[in-house]
Amino acid sequence: MQTRTNSLAWNPMEAFNFTAASEDCNLYTYDMRKLDIAACVHKDFVSAVMDVDYSPTGREFVAGGYDRSVRIFNFNAGHSREVYHTKRMQRVFCVRFSGDGSYVFSGSDDMNVRVWKADASEQLGVTLPREKHKQAYNKALVNRYKHMPEVKRIVRHRHVPAAIQKAARTRRVVQESDKRKLQRRIQHSAPGSITVKPERKKKIVAELE
């Protein structure tokens with residue numbers, strides 16, 4: 001790959017798949033039987049991704065980054081479903097899932113280990129049958145109306161620090177500028193003279209055995 005890979009984690013339920021944490025702010029999931037193209041590119045970090053670890057179920061993984069945030073991704077999703085951060089937490093160098101998949105551990109540069117819930121809205125402790133029924137009903141209600149713009153916006157919204165938000169906005173501007181530049185080069189070049197690589201192949205340099 002063009003950039004350094006800081007960490008690698010194998011999917012415990014799909015033996016041929018693994019996810020690599022890269023210096024280019026992205027994570028790449030590959031099938032080892034077809035290494036010439038990534039199965040999925042996971043975005044949202046604004047700095048180098050330092051570590052990655054899968055949950056015991058293999059359906060999601062956690063990653064920690066140099067931008068002082070911890071994110072949880074579904075194994076086949078391009079964007080994170082949860083993001084964790086605190087004011088005092090520094091660069092995250094190590095992340096792990098607990099054995100039961102209920103918690104996430106992160107080790108950061110401020111010499112602290114933090115414990116996070118894998119599902120931020122999950123209620124801990126003993127729940128009564130009425131409470132379990134209410135929680136199941138609320139989840140079913142959200143799942144039923146998740147296609148509506150208002151519900152989708154509320155479900156997807158996550159608060160992030162101003163520094164991460166500003167860096168993400170700058171990255172979007174740069175990426176849109178590069179995209180416009182490429183489109184104009186194609187328009188002003190001979191047909192077929194410029195080959196456009198897809199995002200999942202762009203960072204791959206060569207495949208070695």
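A salt bridge is taken here as a side-chain nitrogen of Lys or Arg within 4 Å of a carboxyl oxygen of Asp or Glu. The model is predicted, so local features need pLDDT of at least 70 and side-chain atom pairs count only at pLDDT 80 or more, while totals for chains, interfaces and linings use all residues. Residues are numbered from 1 along each chain as its sequence is written, and side-chain values use heavy atoms, with hydrogens and water left out.

The salt-bridge rule gives a count of seven. One of them joins Asp-31 and Arg-33, with N to O at 2.8 Å. Arg-33 is exposed, because its relative accessible area is 59% (buried is under 20%, exposed over 50%, partly exposed in between, with a 1.4 Å probe and protein chains only). A salt bridge also connects Arg-81 to Glu-60, where the closest N and O atoms are 2.8 Å apart. This pair links distant parts of the chain, 21 residues apart: Arg-81 sits in the loop between strand S7 (70-74) and strand S8 (82-84), and Glu-60 in strand S6 (residues 60-65). Helices (H or I, at least four residues) and strands (E, at least two) are DSSP runs, numbered from the N terminus. Glu-60 counts as buried, because its relative accessibility is 14%. Arg-81 is partly exposed, at 22%.

Another salt bridge lies within a helix. The side chains of Lys-202 and Glu-199 meet at 3.6 Å, N to O. Both residues belong to helix H4 and stand three residues apart, about one turn of the helix. Lys-202 is partly exposed at 40% relative accessibility. Glu-199 is also partly exposed, with a relative accessible area of 35%.

Two pockets were examined. A pocket is an open set of points on a 1 Å grid over the protein atoms alone, where a 1.4 Å probe fits, with protein on both sides within 12 Å along at least five of seven lines; lining residues have an atom within 4 Å of a point. Grid points are joined across faces, edges and corners, and a volume is the space filled by probe spheres set on the points. The largest pocket has a volume of about 1600 Å³. Its lining comprises 38 residues, with Lys-43, His-79, Arg-171, Arg-172 and Gln-175 nearest the centre. Helix H3 (162-187) and helix H4 (199-202) each supply at least two lining residues. H3 gives the largest share, 14 residues. The lining divides into eleven nonpolar, nine polar and 18 charged residues. Here Ala, Val, Leu, Ile, Met, Phe, Trp, Tyr, Cys and Pro count as nonpolar, Asp, Glu, Lys and Arg as charged, and the others, Gly among them, as polar.

The second largest pocket has a volume of about 650 Å³. It is lined by 18 residues; Asp-119, Ser-121, Lys-139, Val-142 and Val-155 lie nearest its centre. Helix H1 (129-144) and helix H2 (149-156) each supply at least two of the lining residues. The largest share, five residues, comes from H1. Three nonpolar, six polar and nine charged residues make up this lining.

Two residues other than glycine have positive phi. For Cys-25, phi is about 75°. Cys-25 lies in the loop between S2 and strand S3 (27-31) and counts as buried, at 8% relative accessibility. For Met-111, phi is near 65°. Met-111 lies in the loop between strand S10 (103-108) and strand S11 (113-117) and is exposed, at 78%.
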